[in-house]
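Subject: Structure handover, pockets and cavities

Hi,

Here is the structure we discussed.

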Amino acid sequence: MNLNIKFEPRAAAILGALIADSAALGLHWIYDSERIAQIEKTKGLVFVQPDASDYAGVSGYFAHGNKVAGDSSAYGELCLLMLQHLAQHGQFDRVAYQTEYRSYLGPGGAYVGYVDSPTRQTLQTLLVLKPEEFPEHSGADDDQFVALATIPVVVATHVGSQAALMTQIDHVVRLTNDNDTAVTAAQYAGCVLLNVLHGKSIAQALVDALPNADEEMASLVKEALQTKTLDSAAIAKRFGTACHVLEGIPVIAHIIRYAPDYRTAIEENIRIGGDSCGRAIMLGAIMAAYTAQQNEQSASIPLEWAARYRKLVVAADACERQRAVTKT
């Protein structure tokens with residue numbers, strides 16, 4: 001019985017990112033792959049209930065004690081926030097988005113959960129200002145993965161040229177990460193997703209996007225693609241699994257190039273540990289967008305995964321509202 005579902009590619013990119021992030025939450029920031037392998041044997045790998053005991057005695061950080069299986073990390077929350085913003089306004093409104101960001105993540109806001117360093121610094125900048133005083137670059141000089149959190153939505157809803165998209169990505173990233181490396185990573189990953197949405201193969205999309213990466217990042221991506229077969233453990237050992245984009249982008253590129261389907265890609269991402277949720281956003285978006293355009297139904301997003309994402313209805317409704325407002 002086929003229990004996979006296929007979305008229209010642009011919707012798949014957004015929902016694929018959100019579901020991948022949620023799937024990884026329970027083992028997020030465990031840096032010991034052997035511990036993850038042990039947990040997989042008894043509890044499974046995706047949508048695991050966050051449990052402090054899983055982190056005991058190994059390298060890791062337990063950040064999600066207030067969450068349950070199916071919730072999102074902060075990355076997923078930001079991805080959904082951008083989607084809801086575009087669904088409401090029809091186009092990106094910087095000051096309105098910064099206002100919504102501050103209201104949601106700041107003191108008294110609806111968000112409850114871990115706040116990373118660039119988010120904390122961004123909030124410190126915005127909290128003391130009136131909206132009309134918000135700077136265009138309100139982010140921290142930081143290259144962590146929060147820089148990529150909104151990119152699936154930005155790319156999937158874009159209707160202009162690639163050059164215009166790269167400019168838009170620069171503007172959006174600098175709201176949270178005023179850092180050239182973070183911007184370059186987001187532009188490269190965003191261009192890969194755009195290429196896939198335009199019908200290119202994963203291999204071609206990865207290569208054709210390289211002009212948007214700087215020399216260092218391009219070199220790392222090329223190295224990550226040289227294995228010719230899926231070996232995520234070796235790639236993770238070589239590049240690292242922490243929160244910085246120069247570690248994560250090569251790992252993402254390797255997994256999406258050699259994983260045969262969405263399920264395998266997301267599971268491999270979780271197995272190698274570290275900032276799995278940070279990597280999951282772009283990895284999930286690209287793999288879901290690509291497989292949505294293939295004929296193999298088994299390559300699509302598992303239905304049971306979509307059902308376990310606790311904000312699926314909210315996200316699907318926002319996708320539909322954004323689509324409708326774009327047509328008007």
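Which element gives the largest share of the lining of the second largest pocket? That element is α7, with 3 residues.

First, the ground rules. The model is predicted: local features need pLDDT of at least 70, side-chain atom pairs count only at pLDDT 80 or more, and totals for chains, interfaces and linings use all residues. Numbering runs from 1 along each chain as its sequence is written, and side-chain values use heavy atoms, without hydrogens and water.

**Pocket**
The second largest pocket has a volume of about 260 Å³. Of its 15 lining residues, Leu86, Gln91, Phe92, Thr157 and His158 are the closest to the centre. (On a 1 Å grid over the protein atoms alone, a pocket is an open set of points with protein on both sides within 12 Å along at least five of seven lines; a cavity is a set where a 1.4 Å probe fits but cannot get out; lining residues have an atom within 4 Å of a point.)

**Cavities**
There are 4 cavities of 30 Å³ or more. The largest cavity holds about 60 Å³. Its lining includes Leu78, Met82, Tyr97 and Tyr101.

**Asp275**
UniProt lists Asp275 under "binding site", in an unreviewed entry; such annotations may be inferred rather than shown by experiment. Asp275 counts as buried because its relative accessibility is 0% (buried means under 20% relative accessible area, 1.4 Å probe, protein chains only). Beyond residues up to four places away in sequence, Asp275 touches His28, Trp29 and Tyr31, among others (contact means heavy atoms within 4.5 Å).

Best wishes

Technical notes: Points joined across faces, edges and corners; volume = space filled by probe spheres on them. Helix = DSSP H or I, 4+ residues; strand = E, 2+ residues; numbered from the N terminus. Buried < 20%, exposed > 50% of the residue type's maximum accessible area, 1.4 Å probe, protein only.
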